[in-house]
Amino acid sequence: MDVIDEWEGGIVRRYKRGDQVTARSDIGGINVPDVPAGAVGTVVETTLTGRPKKIHFALETPWGPKRFDVGVHRRHVELD
């Protein structure tokens with residue numbers, strides 16, 4: 001469902017649990033595993049307003065597969 005966001009003047013898509021998303025840019029930090037731009041994940045948790053809160057990523061690394069949840073802001077991911 002698309003909703004007009006009056007504060008940004010654009011369209012905001014509402015996310016729901018189970019939606020597939022793609023990382024727009026690299027995500028990472030001190031307590032966050034590195035997620036490369038273009039990585040595909042699944043929405044695990046959203047806010048009451050439909051914004052993504054936690055995304056589950058399953059990535060292949062040189063040290064084997066890694067699976068983890070990452071807290072994100074909606075500007076970090078986009079719906080597929």
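D19 counts as buried because its relative accessibility is 13%, where buried means under 20% relative accessible area, exposed over 50% and partly exposed in between (1.4 Å probe, protein chains only). This residue is found in the loop between β2 (10–13) and β3 (20–23); strands are DSSP runs of E of at least two residues, numbered from the N terminus. A polar atom of the D19 side chain lies 2.9 Å from the backbone nitrogen of K16. Beyond four places in sequence, D19 touches R14, G41, T42, V43 and L79, a contact being heavy atoms within 4.5 Å.

The model is predicted: local features need pLDDT of at least 70, side-chain atom pairs count only at pLDDT 80 or more, and totals for chains, interfaces and linings use all residues. Residues are numbered from 1 along each chain as its sequence is written, and side-chain values use heavy atoms, with hydrogens and water left out.

The chain as a whole has zero helices and seven strands. Of its 80 residues, 29% count as buried. Among contacts between residues at least 6 apart in sequence, 41% join residues at least 24 apart. The chain exposes about 5800 Å², of which carbon and sulfur atoms supply 51%; accessible areas come from the Shrake-Rupley method with a 1.4 Å probe.

Confidence is expressed as pLDDT, the predictor's confidence in each residue, from 0 to 100. Its mean over the chain is 85, and 85% of the residues reach 70 or more. Over residues 1–7, pLDDT stays under 50, and the model has 16 contacts beyond four places in sequence for this segment. Where pLDDT is low, the predicted coordinates should not be read in detail.

Key
Helices (H or I, at least four residues) and strands (E, at least two) are DSSP runs, numbered from the N terminus. A polar contact is a pair of N or O atoms within 3.5 Å; within protein, one must be able to donate a hydrogen and the other to accept it, and residues adjacent in sequence count only if both atoms are side-chain atoms.
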